[in-house]
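Walk through this model with the structure open beside the text.

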Amino acid sequence: MIDGFSFLQKELIIPILLGGLVVFNIYVWKEWQTKQRGRFVVNSIVALITILALGILILEPTKEVEINDSQALVLTDNFNAVVKDSLLNHYKGIKVLDYNPVKSIRSELDSLTNVIVLGDGVEPYDFYLFDSISTTYIPNAEPIGVTRLNFTEQLVLGGELKVSGSYSTPIEKSFLVLQDSRSNGLDSIQFTEDKNVDFNLTTRPKVAGAYVYQLAIKDSAGVVLETNPIPIEVLNKEPLRVLILNTFPTFETKYLKNFLAESGHEVIVRSQLTKGKYKFEYFNTPTQPVYQFTDVVLQNFDIVITDSETYMSLGKSVKSRFEKSIAEHGLGLFIQPSDFLFNTRSSDAYFKFKRDRINTVKLPTSAAETEKYPYQFDEQLLVEPIHLGGVSNLAAYRQMGNGKIATTSLLNSYQLLLNGKSEVYHGIWTTVLNKIAKKKGQAVSWESNTKIPRKDEPFHFEVRTNLEELGVINEDSISVALVQKALLPSHYSGTVYPKKIGWHTLQVENDSTDFSYYVFEKNDWKALTSTMIIAANKKQFANETQKNRTVFVDRPVSQLLFYILFLLGVGWLWLSPKLAAEG
């Protein structure tokens with residue numbers, strides 16, 4: 001390119017130059033061989049100009065032109081046709097682009113200075129396409145249907161499957177029904193009005209396995225209007241080995257140990273009476289007092305539950321053995337909260353807290369109210385929330401190698417039992433303990449980062465392991481590329497593009513450790529998907545302050561001059577020998 005000039009057929013520049021030089025040299029040699037050399041210099045110059053003109057015509061010259069008024073209307077799913085027509089009338093000559101996640105519009109966006117996105121919005125994995133373009137987003141209204149959804153994706157046999165969420169603008173007197181894989185009704189509610197409704201449906205699966213339940217909407221006559229799949233995995237129940245350590249007996253521990261024992265877990269409770277003297281209780285396990293916390297002793301347990309005073313009073317070497325067992329062997333540690341914990345340095349307590357002055361909390365999924373400490377978890381690297389009863393900031397765990405350390409801000413959770421909310425109490429502790437319990441026989445921990453996986457769309461996942469060499473393959477035995485995190489060498493991330501609907505499996509190469517995920521059809525959970533995409537687009541394009549960018553495009557240069565030069569040159573070279581002969 002010279003001063004903004006370029007050629008459309010850039011790849012032909014070298015062949016044209018070489019060919020032109022060959023032709024010009026042949027012409028000069030032939031002209032020199034003639035006996036009449038009176039017009040040799042003139043003819044050579046004319047021949048050079050003619051060859052150059054022909055070469056430029058073939059290369060098709062262009063000139064870089066600055067434009068700053070090229071707009072486009074990007075139409076996404078469920079766009080409003082009335083709004084579209086209004087925008088087309090207001091912005092005369094605006095381009096219209098149909099957004100399709102499968103077919104990229106990157107080339108069309110490259111020449112635009114600003115765009116308007118209309119409809120549900122762009123898929124989050126395509127946000128990067130709009131990074132350098134001034135973008136205005138006009139969102140849709142809230143869709144009709146399920147706009148919020150939570151359910152237990154993986155539970156232990158005998159546990160309760162909970163499906164909760166919000167339904168926007170239901171048909172009055174219609175039913176929302178939770179069905180099993182054979183379409184048998186398990187739980188339901190009836191909508192008594194057409195306003196937004198929060199719902200909670202529950203059931204207890206009776207057989208282990210991978211199932212696809214259904215959430216159906218039926219009219220007042222029982223006719224099915226819509227169904228959406230709910231994939232769940234029911235795991236065989238395995239008793240946990242639990243050690244409870246207390247400086248002194250508490251009501252919280254009293255009810256917790258009873259719940260664990262009734263659930264079939266093997267429990268040892270050690271309460272300190274005086275210095276060096278302890279009281280032991282045993283449930284579902286032989287008498288085996290625990291005085292020392294050696295590596296061998298800690299490996300015998302799946303979870304250790306301790307009050308914060310007991311754990312913080314342990315010596316540095318003992319705490320190091322706990323952390324080693326957590327990181328290397330996947331031990332789960334739960335620290336019972338107290339004022340002591342919330343006022344301990346975060347480096348010792350593993351968590352950061354900030355005071356919120358809120359002493360009670362209502363759990364949306366059960367409408368139950370319970371006490372809490374006036375603190376909430378502060379954001380922190382490696383700390384993830386544990387959702388309890390629809391609330392995300394009541395409990396959290398810190399990942400440490402293969403294991404987890406957890407705590408909660410709940411206070412006197414046993415009051416739920418005394419208030420007749422036993423199912424809520426059981427649900428809270430089952431969720432917490434299942435989240436942190438040692439994964440038996442598994443050296444790898446999996447996590448899905450895609451809410452609703454779909455066919456031919458990216459499914460993002462994470463893998464945590466201390467294996468020195470890690471390879472992951474899909475169900476077709478094809479290797480999956482992994483990215484190892486620089487600061488967390490035991491953490492890997494990967495992306496796959498599933499090609500079919502239904503259950504899929506990822507597996508550690510040369511190992512039996514696997515991970516199952518379900519791929520939904522395009523029309524599954526349409527309202528929920530629209531709600532999530534609208535929220536993501538609002539956040540992405542909120543407060544758009546980016547100015548319209550300046551775009552340079554290559555425009556064709558008029559080739560009339562080169563046509564004239566070529567015709568005049570050819571005419572002169574044809575006429576010159578005749579004039580010389582007459583002379």
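Start at R270. The charged end of R270 sits over the ring of Y278, 3.9 Å from the ring centre. Keep in mind that this is a predicted model.

Now turn to the eight-stranded sheet. The sheet is open, and its strands follow the order β17-β16-β15-β18-β19-β26-β25-β24. Their pairing is mixed. Strands β17 (277–283) and β24 (383–388) form the edges, each pairing on one side only. On average, neighbouring strands here are turned by 20° against each other, direction ignored. At one end of that order, β24 pairs with β25 (residues 391–400) in the antiparallel sense, over five bridges. Look for V383 there: it stands opposite R398 in β25.

Two helices pack on this sheet. Helix α8 (residues 316–329) touches β15 (241–246), β18 (303–307), β19 (332–336), β25 and β26 (403–408). The direction of α8 makes about 115° with that of β26. Helix α12 (residues 422–436) also packs on the sheet, touching β18, β19, β24, β25 and β26. The direction of α12 makes about 150° with that of β24.

A second open sheet has four strands. Their order is β4-β3-β5-β6, and the pairing is parallel. The edges are β4 (95–98) and β6, each pairing on one side only. Neighbouring strands of this sheet are turned by 20° against each other on average, direction ignored. Strand β5 (residues 114–119) runs parallel to β6, joined to it by six bridges. Within that pairing, V117 has Y137 of β6 as its bridge partner.

Helix α13 (residues 526–540) buries A527, L528, T529, S530, I533, I534 and N537. The cover over these buried residues includes β6 (134–139) and β7 (145–151). Along its 15 residues, α13 reaches 21 Å from first C-alpha to last, close to the 21 Å expected at 1.5 Å a residue.

Compare helix α2 (residues 40–59). It has 20 residues and reaches 28 Å from its first C-alpha to its last, close to the 28 Å expected at 1.5 Å a residue. Its buried residues are F40, N43, S44, V46, A47, T50, A53, G55, L57 and L59. Just after α2, E60 takes a positive phi of about 55°.

Along β12 (residues 197–203) the side chains alternate. V197, F199, L201 and T203 point to one face and are buried. Strand β9 (residues 161–168) runs antiparallel to β12, with seven bridges joining the two. In β9, Y167 stands opposite V197 of β12.

Aromatic contacts come next. The model holds 29 aromatic pairs. In one of them, the rings of F351 and F377 have centres 5.8 Å apart and planes at 75°. Planes over 60 degrees apart count as edge-to-face, so this pair is edge-to-face. Where do F351 and F377 lie? F351 is in the loop between α10 (346–349) and β20 (353–355), while F377 is in strand β23 (residues 375–377). The pair therefore ties together parts that are 26 residues apart in sequence. F351 has 1%, so it is buried. F377 has 8%, so it also counts as buried.

Y518 and F520 form another edge-to-face pair, at 5.1 Å centre to centre with 80° between the planes. Both of these residues are buried. F351 and F377 also belong to one aromatic cluster, together with F342, F353, Y373 and Y375.

Finish at T370, in strand β22 (residues 368–371). Its relative accessible area is 5%, so T370 is buried. Which residues does T370 touch, not counting those up to four places away in sequence? They are N359, T360, V361, L410, L411 and L416.

Methods. Residues numbered from 1 in each chain as written. Predicted model: local features only at pLDDT ≥ 70, side-chain atom pairs only at ≥ 80, totals over all residues. Heavy atoms only, no water. Expected span 1.5 Å × (residues − 1). Buried < 20%, exposed > 50% of the residue type's maximum accessible area, 1.4 Å probe, protein only. Pairing = 2+ DSSP bridges. Axes fitted to C-alpha atoms, helices over the stretch in contact; angles between N-to-C directions. Contact = heavy atoms within 4.5 Å. Phe/Tyr/Trp six-rings, centres within 6.5 Å; stacked < 30°, edge-to-face > 60°. Lys NZ or Arg CZ within 6 Å of the ring centre and 35° of its normal.
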